[in-house]
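Reader: I am new to this structure. Could you walk me through how to read it?

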Amino acid sequence: MNRILSLSLLLTPVLLATACARASEEAVSSPATATASAVEATAGATIDRELPLAIVHKTASCGCCGVWADHLKAAGFAVEIRDTDDMHPVKQRLGVPAGKASCHTAEIGGYVVEGHIPASDIKRLLKERPTARGLVLPGMPAGSPGMEMPDGHVQPYTVELVLADGSTQPFAQHGKGG
């Protein structure tokens, strides 16, 4: 059992890096690659005019961020991609708490949305409209939107609500055991 756990811990970062690299290669080879300040819709996806625009800040080379943006588009969001070389000022301006960062940051309906958060959680946030800064999902959990695993595995993870004072509390659980 320890051998399987050790192997799993060793392979997870490799698989995650492969997923990001694969997504990045697909984005580069696709003629519909997002450019800065371009609003796009995924082929076959319909924009829900009731949903606010999702402004996604990311580095140009991050493929998994583009896959997450496609997840939002498939859920009906209009998405504007803003590539940046330095994400720190964006995260600071939007109030992402220390230690809660991920690879991309979005602005949606007056809220910050940090990381690979499922569109269903964002829609719930927009429906409930709590007094809060937004949602965070630290890191890059395997199986979260944009970090899908070939075998369908979803690592347990918790999406957190960032309160006005910067503290967090659980908002949604995902994956086995969640």
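**Reading contacts and salt bridges**

Author: Happy to! Leu163 touches Ala132, Arg133 and Gln169, leaving aside residues up to four places away in sequence; contact means heavy atoms within 4.5 Å. This is a predicted model, where local features need pLDDT of at least 70, side-chain atom pairs count only at pLDDT 80 or more, and totals for chains, interfaces and linings use all residues. Residues are numbered from 1 along each chain as its sequence is written, and side-chain values use heavy atoms, with hydrogens and water left out.

Reader: Where does Leu163 lie?

Author: Strands (E, at least two residues) and helices (H or I, at least four) are DSSP runs, numbered from the N terminus. Leu163 belongs to strand β7 (residues 157–163). Its C-alpha atom is 7.0 Å from that of Thr131, 32 residues apart along the chain.

Reader: How many salt bridges are there?

Author: Side chains of opposite charge can pair when their charged atoms come close. The rule asks for a side-chain nitrogen of Lys or Arg within 4 Å of a carboxyl oxygen of Asp or Glu, and the count is seven salt bridges. In one of them, Lys73 pairs with Asp70, with the closest N and O atoms 3.5 Å apart. Both sit in helix α2 (residues 63–74), three residues apart, or about one helical turn.

Reader: Is Lys73 buried or exposed?

Author: Buried means under 20% relative accessible area, exposed over 50%, and partly exposed in between (1.4 Å probe, protein chains only). Lys73 is buried, at 4%, whereas Asp70 is partly exposed, at 37%.
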